[in-house]
Amino acid sequence: MKPPRVIRGSAAPLLLLLLLLSGVCIDSYKPVVIVHGIFDGAKQFKTLSYFIREVHPGTEVAVIDIYDRLKSLKPMWLQVKAFTEAISPIMQKAPDGIHLLCFSQGGLICRALLSTTPYHNVHSFISLSSPQAGQYGDTEYLDRIFPRRMRKMVYLICYNKVGQTVFSICDYWNDPHHRAQYLQSSRFLAPLNGDRPYKDMKSWRENFLRIKKLVLIGGPDDGVITPWQSSLFGFYDSNESVVQMKDQEFYKNDTFGLRTLNTRGDVSVCVHSGVKHVQWHSNFTVFKSCMEKWLT
């Protein structure tokens, strides 16, 4: 009887190993959920979705296609509820967690979602040119809602029951010259930032701190977010001088966990010049330098 034939140097085991490793690598990428900004919709994020899939093959990318275009002007808490309902099933199907990549107004929607959702499993929260500390400025977006050069008068519209229940931008309008009215009237940004006490402050803070990484992206040539440092949690004082993140009261008091995140080493700040507001999500350099490594 002939002994069993041994084929030396067969590539089969090596190929099998490579295939297995390849499968593990692809499957390891967490799903990425993208939330659009004001006046945007899902189609504006085809390029960004392409970037993600190209550098991380096999990644599930979901652009939430609700409250787009003019509907994005609806009150923020209404949108937060709808986006939470849309994203929760994606979280439930991802035992290892997901990443949230949120643009402009969408960054505030996502932060509110994270703060009000117990036991969420969001790993990286990427805030892409979002007015996290509020908005105060004449921009082309504001011109679509209010007459041009109305910045100093917008508080009269926003800081009342009508403004707070009609226009999303009123929910994060932060007029540094009318601080008292802001604190009294703001139903969204003031409690979200802990600028005034509220009953759920402790639980919201705990929920937000479940994230593993906060990525803040913005730049001086944005042209919409005003001041542009709001995308990095900086904002105007009463003299319209920018107070940086670490000197903000909500940071020093750690009202929603920002200082704790930074102390943990879990805040990444990425600043790019020469990028207009509508270009952030289609700029490959921004993607490679600010987002790619946080989306694994």
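His56 is buried in this predicted model, with a relative accessible area of 5%; buried means under 20% relative accessible area, exposed over 50%, and partly exposed in between, with a 1.4 Å probe and protein chains only. The residue lies in the loop between H2 and S2. Helices (H or I, at least four residues) and strands (E, at least two) are DSSP runs, numbered from the N terminus. When neighbours within four places in sequence are left aside, His56 is in contact with Tyr29, Glu292, Leu295 and Thr296, where contact means heavy atoms within 4.5 Å.

The model is predicted, so that local features need pLDDT of at least 70 and side-chain atom pairs count only at pLDDT 80 or more, while totals for chains, interfaces and linings use all residues. Residues are numbered from 1 along each chain as its sequence is written, and side-chain values use heavy atoms, with hydrogens and water left out.

Two packed helices are described by the angle between their axes and the distance between the axes. Helix H2 (residues 46–55) packs against helix H14 (residues 284–291) at an angle of about 55 degrees, and the axes are 11 Å apart. Axes are lines fitted to C-alpha atoms, for helices over the stretch in contact, and angles run from 0 to 180 degrees between N-to-C directions. H2 and H14 are therefore oblique to each other; angles under 35 degrees count as roughly parallel, over 145 as roughly antiparallel, 65 to 115 as roughly perpendicular, and the rest as oblique. The residues that meet are Leu48, Phe51, Ile52 and Val55 in H2, and Phe284, Phe287 and Met291 in H14. By class, this contact has seven nonpolar, no polar and no charged residues. Ala, Val, Leu, Ile, Met, Phe, Trp, Tyr, Cys and Pro count as nonpolar, Asp, Glu, Lys and Arg as charged, and the others, Gly among them, as polar.

Six strands form an open sheet in the order S2-S1-S3-S4-S5-S8, with parallel pairing; two strands pair if DSSP finds at least two bridges between them. Strand S2 (61–63) and strand S8 (267–271) stand at the edges with a single partner strand each, so one side of each has no neighbour in the sheet. From one strand to the next, the twist averages 15 degrees. Helix H4 (residues 105–116) packs on the sheet and touches strand S1 (32–35), strand S3 (98–103) and S4; the direction of H4 makes about 140 degrees with that of S3.

S1 pairs with S2 in the parallel sense over three bridges, and Val32 stands opposite Val61 in S2. Both faces of S1 are covered, as Val32 and Ile34 on one side and Val33 and Val35 on the other are all buried. Strand S4 (residues 122–128) and strand S5 (residues 213–218) run parallel and are joined by five bridges. Ser127 has Leu216 in S5 as its bridge partner.

Most residues other than glycine have a negative phi, and most peptide bonds are trans. Phe39, in the loop between S1 and H2, has a positive phi near 65 degrees. This residue counts as buried at 9% relative accessibility. Tyr119, in the loop between H4 and S4, has a positive phi near 60 degrees, and at 72% relative accessibility Tyr119 counts as exposed. A cis peptide bond, with omega about -10 degrees, joins Thr226 and Pro227. Pro227 is placed in the loop between S5 and strand S6 (235–236).
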